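Subject: Structure handover

Hello,

Here is the structure for your files. My notes on two parts of it follow below.

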Amino acid sequence: MPPPRLGIVAGGGDLPRRLVAACQAQGRAVFVLAIEGQCDAQDFAAVPHDRVRLGAPGRAMRLLHDAGVVEVVLAGRVRRPSLAALQPDWRLLRFLAGQGGRLGSDDRLVKAIIQAVEEEGFRVVGAGDILGELVATAGQLGRYAPTARDAEDVARGLQIAGAIGRLDIGHAVIVQHGIVLGIEAAEGTDGLIRRCAALRVDRAGGVLVKVGKVAQDPRADPPVIGSETVRLAAETGLSGIAIEAGGTLVVDRATAIAAADTAGLFLVAVEAPG
């Protein structure tokens, strides 16, 4: 029996396209719901697709039902707009009323979205359930290993990243010589790297550490890196990147590893403390 039709609610980045390619390779039926302003619906022209406003979850549910979707995956970056820009439909207004008129924190919002999707009869799955080969396993991914000083910075980064994750702030932190140069907030990981470029105590060095949030639902908003993150890390003089084993997706693994090796950066997957 073939797997059920997958609905991909697509934000920005390469992850939704990777999911489409995986479904095509598996012969699995797929339907893409592209969120307006977050991604280009034309990227999914080869498969059944439609577009929807972020503020119109009622229409989104109808489109998924009409397409015969059984399982749903939430994939890609979504920039949070203001409430005025959302132009909420009745369903979102009802949701906001239950939230005291606020969208709430990222984790709380994601959990509420998953609950609403499941109440519609869909089964929510994680991107890692479909793209298991992209989930980083523990160990050294490229040619280079962290130095003893780098390893100390990674340990410090894991401590800080765990703390900001518990506070629902972000996934990533940059540490150099034990000094926290910056933590990821609304700008995302690539924005964090750019922001910290001028903050290093030396011209080069420092590590990017990226892990999942402790309280987040693993089916949504997983930590993701790719070759662009590696390129930025090299361009701004970082020594390397440490990601969470078993939880971080490397969307273009071969290219990312090759970029790290070319730049002389270490790229490792480590176990995050509980």
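Which residue in S9 is the bridge partner of Ile-174? It is Leu-208. This is a predicted model, in which local features need pLDDT of at least 70, side-chain atom pairs count only at pLDDT 80 or more, and totals for chains, interfaces and linings use all residues. Residues are numbered from 1 along each chain as its sequence is written, and side-chain values use heavy atoms, with hydrogens and water left out.

Strand S7

Strands (E, at least two residues) and helices (H or I, at least four) are DSSP runs, numbered from the N terminus. Five of the five residues of S7 (172-176) are buried, so the strand is largely enclosed by the rest of the structure; buried means under 20% relative accessible area with a 1.4 Å probe, protein chains only. Ala-172, Ile-174 and Gln-176 lie on one side, Val-173 and Val-175 on the other. S7 runs antiparallel to S9, joined by four bridges. Four bridges also pair S7 with S8 (179-183), again antiparallel, and there Val-173 has Ile-183 as its partner. (Strands pair if DSSP finds at least two bridges between them.)

Helix H9

In H9 (227-235), the buried residues are Ser-227, Thr-229, Val-230, Leu-232 and Ala-233. Just after H9, Gly-237 has a positive phi of about 90 degrees. Ser-227, Val-230 and Ala-234 of H9 meet Thr-255, Ala-256, Ala-259, Ala-260 and Ala-263 of H10, where contact means heavy atoms within 4.5 Å.

Regards

How values were computed. Buried means under 20% relative accessible area, exposed over 50%, partly exposed in between (1.4 Å probe, protein chains only).
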